[in-house]
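Thanks for coming. I will go through one model today, with the sequence and the structure on the screen.

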Amino acid sequence: MSSHGAPIPMTSRACGPLKGEAHVPGDKSISHRSLIFGAMTIGETKITGLLEGQDVLDTGKAMQAFGATVEKRGDTWHVQGVGVGGFAEPENVIDCGNSGTGVRLIMGAMATSPITATFTGDASLNSRPMARVTDPLALFGAKSYGRQGGRLPMTVVGARDPMPVRYDVPVPSAQVKSAVLLAGLNAPGETVVIEKEATRDHSERMLAGFGAKIETVETNEGRVITLQGRPEFNPLSIVVPRDPSSAAFPVCAAIITEGSDVLVPNIGLNPTRAGLFTTLKEMGADLTYENLREEGGEPVADLRAKFSPNLKGIEVPPHRAASMIDEYPILSVVASFAEGKTHMPGVKELRVKESDRIDAMATGLRAAGVAVDEGEDWWTVFGCGHGGVKGGVIVQSHLDHRIAMSFMVLGFATQNPMSVDDGGPIATSFPIFENLMGGLGADITRDAVPA
Ligand code: S3P
């Protein structure tokens, strides 16, 4: 089942060259944060370029439930915030749909206010681990009551007299780091978060932008991030950059589809997000950065991707995993058309995303004729070379947008069509995916190939 309705089967077929410009939507991580941080200021935050995917819309609704005003006028979203510590107690259960980022960041944001909130989501979200967030929130004084294994639905009782916290994040997770920082906003004194591996730093950048005192120091123990609680938090005008994780789909589609030449303009190349593009270049992909520039303190470029017939399998360094964690599914598609094997170690986190992404991709790729080996924290794709992947199967998307989109892209270059049982979840992060790909010349229809 898709997250909000009946399943939507989808099929993609081999297509002619993909040509043109792909204007992908706003960054999902930055969109969630814009709404949540905006709701924690006094005054009006204005946001343009917001991703209007279901995940982000669910976060907008949640912010309204906590007392903020969130509305779209023209092309701009306006958030009238309630201030740090100003959240009202929601009257009803907060449904975060499919979004781990939404629920985990919101739990952090409310955990140091004297209110109680109950959170739920779809079947995917309700099976994901939440203790990684509620454990550090307990150190601030918040209590949580969920299902076995720390699963949603879950009630969080915010701390009445929060304590500042020093927390070593045990898993490489920007969501956990951000939840702790958001909770730290309403704790007196300094909250310190330490991460061994650098994960996306949008929260740190945005906190500084809103006026909080926050400092990151690289040390031998990792990145030490210190936030002063109870800051003067001022509203902001935010232009959300386009999402590199969404750009990955047209970029990879062009790389595997004969004759293609696609321009994907205005993509943020923040080093904590751009690992896929480095990896693709190492594999021999014809990918170039045009018009490289700086916007809002972030490196930005127009990406040009062309069909690349001589891809080779590589060893992806584990230290790069955090900077491309959402891109492994689509990387495994590109790896299927390379010569030789692509080994991807250090990726245990893939097992607790919207689905177990190693299992979901490995199962579907094997069904399509690609050999895949896997362990708890690694996987290897044995490439079939250009034209070497059979396809011709219906695979499961497991309520996971990136799994659905990855298999649709695979079908652009397989010998036979590829289907997913449910492409509905694509709307969580990339609602214009079918139209955008169709506009480039791809062939995606809403049906399933005969089994
Ligand atoms: C995100 C962090 C990552 C990523 C997710 C978005 C964020 O999750 O997979 O899509 O916006 O902070 P983890 O924190 O679980 O690594």
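I start with the aromatic residues: F37, F210 and F233 form one aromatic cluster. Before I go on, the ground rules. This is a predicted model, in which local features need pLDDT of at least 70, side-chain atom pairs count only at pLDDT 80 or more, and totals for chains, interfaces and linings use all residues. Residues are numbered from 1 along each chain as its sequence is written, and side-chain values use heavy atoms, with hydrogens and water left out.

Back to the rings. Rings of Phe, Tyr and Trp (for Trp, its six-membered ring) pair if their centres lie within 6.5 Å; planes under 30 degrees apart count as stacked, over 60 as edge-to-face and the rest as tilted. Across the whole structure, the search finds six aromatic pairs. How are the rings of F37 and F233 placed? Their centres are 6.5 Å apart and their planes are at 75°, so this pair is edge-to-face. The pair links distant parts of the chain, 196 residues apart: F37 is in helix α1 (residues 28–39), and F233 is in the loop between β13 (222–228) and β14. Helices here are DSSP runs of H or I with at least four residues, strands are runs of E with at least two, and both are numbered from the N terminus.

One more ring: K281 lies over the face of Y289, at 4.0 Å from the ring centre. The criterion is NZ of Lys or CZ of Arg within 6 Å of the ring centre and within 35 degrees of the ring normal.

Everything is done on a 1 Å grid over the protein atoms alone: a cavity is a set of points where a 1.4 Å probe fits but cannot get out, a pocket is an open set with protein on both sides within 12 Å along at least five of seven lines, and lining residues have an atom within 4 Å of a point. Grid points are joined across faces, edges and corners, and a volume is the space filled by probe spheres set on the points.

The largest pocket holds about 680 Å³ of space. Its lining has 26 residues, and I30, I238, V239, V240 and P241 lie nearest the centre. Two or more lining residues come from each of α6 (202–210), β14 (237–239) and β17 (298–306), with α6 giving the largest share, four residues. By class, this lining has 14 nonpolar, seven polar and five charged residues. Ala, Val, Leu, Ile, Met, Phe, Trp, Tyr, Cys and Pro count as nonpolar, Asp, Glu, Lys and Arg as charged, and the others, Gly among them, as polar.

How many cavities of 30 Å³ or more are there? The structure holds two. The largest has a volume of about 340 Å³ and is lined by 29 residues, with T101, Q175, R200, D326 and K353 nearest its centre. Helix α1 gives this lining its largest share, four residues. The classes here are five nonpolar, nine polar and 15 charged.

The second largest cavity has a volume of about 70 Å³. Its lining includes I30 and P241, both also among the residues nearest the centre of the largest pocket.

Now helix α4 (residues 131–140), where the buried residues are R132, V133, T134, P136, L137 and F140. Among the elements they pack against are α3 (100–110), α5 (174–185) and β11 (190–195). T191 is in strand β11 and is buried, with a relative accessible area of 0%. T191 touches F140, among others, where contact means heavy atoms within 4.5 Å. After α4 comes G141, with a positive phi near 110°.

Last, the backbone. The peptide bond from L152 to P153 is cis, with omega near -5°, and P153 is in strand β9. N266 is not a glycine but has a positive phi of about 60°; it lies in strand β15 (residues 261–268) and, at 29% relative accessibility, counts as partly exposed. H398 also has a positive phi, near 50°, and sits in the loop between β21 (394–395) and α11 (401–410).

Key
Buried < 20%, exposed > 50% of the residue type's maximum accessible area, 1.4 Å probe, protein only. Lists of a residue's contacts leave out its neighbours within four places in sequence.
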